[in-house]
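Q: I have the model open beside me and would like to go through it piece by piece. Could you start with the terms, please?

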Amino acid sequence: METQSDTFVGAIDEGTTSARFIIFRAGTDDIVCYHQIEVPSIFQKEGWCEQDPMVIVNTVNECIAGACKKLTALGGQIQNIITIGITNQRESTVIWDRLTGQPLANAIIWLDNRTTSTVEELLEAIPNNARNINYLRPLCGLPLSPYFSGVKLRWLRDNVPSVKAAMDSGVAMFGTIDTWLMYNLTGGKNGGVHKTDVTNASRTMLMNIETLQWDPNLLKFFGLPKTILPEICSSAEFYGRIEQGVLKGTSVTSVLGDQQAALVGQQCLSKGQAKATYGTGCFLLYNTGASIVHSQHGLLTTVGYQLGRKATPYYALEGSVSIAGAAFNWLRDNIGIIQNSGQIEAMAATVDNSLDVYFVPAFNGLYAPYWNQDARGVICGLSEETTSEHIVRATLEAVCFQVRDILDSMHKDCKIPLARLMVDGGMTVNNLFLQLQSDLVGIHVLRAKIAETTALGAAMAAYKAVENRYSMEAPLSKSGPREPIKPTIGSTERNLRYQKWKMAIDRSLNWETSTLPQGEREAFDGA
């Protein structure tokens, strides 16, 4: 492997369950080496999910050191890493003290559901008792939901006295994970830069989706001071230099939220292209070009990318599924149906169908397009013939049906039928799953050539920032075109199965708020 004279681009990929540092040959999708370490989550209460911000930073530094050590062992030179990019789990929220550089609380992770009560309080503050979750959508493109960083920040202000005191005294600093990493890599309390990019800022509910700047009306609504916020930059420009470790002096030239990074890594850089990433959750992004499309069907309007300070920002419609791969963790850890993920495809393949079993894994509510935080998981259609294999297959199909929900909404909003879907993420190693996805949606599915499309997107953007001649649209590898996976069932069967899925969805909605009518409740109590 020729490495000594090559140039490289590094990418920090800080995800929900692990951090990685991946080294690519510059301008290609060729991975030279990488180092990955798990990041533990903290579950103090039901529905809560936290991580220690210092553990995140230390883990990323270990990953950088580990990957660089491997590069040297392969004959490469660390000084030939010309720049790095950052991609990160979005919406996860960190707040720290600018004087000490230390976190004021654990990071609240994106899937944390503690802020449900905060959403209720904010809904009460909407004029005329409207309680409209879309009240802020014209400004920020997002519905009021526990999902987003602005709501998490408000919860921290209201519930952690040290955070409120730091905000009031002007020493608090806020950032999503990209900002927290950037601050620490570039010096921390000793001059570390306080910046984020447009994609991460667009997930806070605090940035105006048109001006791409922090919006005073949004800050007023959430009761948050502007002094805590980072500077908003494009996704591909010079941010700063690393101040310590093996990469000291190396520039950081890109930041992208993980799903937008996958959009770039899949080279969905034209209007009308879409990708789906299957991980803990599932995230679909549909490139709408320079046009802002405000969804009328439960999707989010977000910034897709802006590849340069003066570049045109590209927008996207996004649909988020909170439970995708996590459903199989539940089958393993809570129910014991499987022992490891390697069993999933083989078990599901032993049966020809799910035997009319439908599983809605709404453990903490449903995201797009329903946005129903009171939904809960249901398994419908069980019979004496149902086996664990049928339930495993129904779990695969559940992810596929949730993707169809989102793609149908995208079609309604954009009026352009999608002919093919680019897919990536851990679940795409499962060939049966991809066939089911193609069958149940009725489109061609194209699997990414490499699994690391998120890190690749960050690397592509970072290289673009330092090498203006680099064409993002040029082929990245010498391998041939991807072979599409095509539907094998007809529209009649597809739509019948989808109709039953919608019946299962109906049974899952509003579970937390459902009560028996008064007469039935009295009869039940009397029995």
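A: Contact here means heavy atoms within 4.5 Å. Axes are lines fitted to C-alpha atoms, for helices over the stretch in contact, and angles run from 0 to 180 degrees between N-to-C directions. Helices (H or I, at least four residues) and strands (E, at least two) are DSSP runs, numbered from the N terminus. This is a predicted model, in which local features need pLDDT of at least 70 and side-chain atom pairs count only at pLDDT 80 or more, while totals for chains, interfaces and linings use all residues. Residues are numbered from 1 along each chain as its sequence is written, and side-chain values use heavy atoms, with hydrogens and water left out.

Q: Okay, which strands does H9 lie across?
A: Helix H9 lies across E5 and strand E12 (251-257), and it runs at about 100° to E12.

Q: And how many of the residues of H9 are buried?
A: Eight of the eight residues in H9 (258-265) are buried, where buried means under 20% relative accessible area, exposed means over 50%, and partly exposed is in between (1.4 Å probe, protein chains only). Among them are Asp-258, Leu-263 and Gly-265. The helix is followed by Gln-267, whose phi is positive, near 55°.

Q: What is the strand order in the open sheet?
A: The six strands are ordered E3-E2-E1-E5-E12-E11, with mixed pairing; two strands pair if DSSP finds at least two bridges between them. Strand E3 (31-38) and strand E11 (236-241) are at the edges with a single partner strand each, so one side of each has no neighbour in the sheet. From one strand to the next, the twist averages 25°.

Q: How many bridges join E1 to E2?
A: Seven bridges join E1 (residues 8-14) to E2 (residues 18-25), and the two strands run antiparallel. Ala-11, for instance, has Ile-22 in E2 as its bridge partner. Helix H1 (residues 53-73) packs on this sheet, touching E1, E2, E3 and strand E5 (81-88), and its direction makes about 150° with that of E3.

Q: Switching to H4: what covers its buried residues?
A: Helix H4 (residues 149-159) has eight of its 11 residues buried, and the elements covering them include strand E6 (93-97), helix H2 (116-124) and helix H8 (216-222).

Q: At what angle do H2 and H4 pack?
A: The angle is about 95°, with the axes 9 Å apart. H2 and H4 are therefore roughly perpendicular to each other, given that angles under 35 degrees count as roughly parallel, over 145 as roughly antiparallel, 65 to 115 as roughly perpendicular and the rest as oblique. On the H2 side the contact includes Thr-118 and Leu-122, and on the H4 side it includes Val-151 and Trp-155.

Q: Where is Gly-298 placed?
A: Gly-298 is in the loop between strand E14 (282-289) and E15, and at 14% relative accessibility it counts as buried. Leaving aside neighbours within four places in sequence, Gly-298 is in contact with Ala-368, Pro-369 and Trp-371.

Q: Which strand pairs with E15?
A: E15 pairs with strand E16 (residues 314-321) in the antiparallel sense over five bridges, and Leu-300 has Glu-318 in E16 as its bridge partner.
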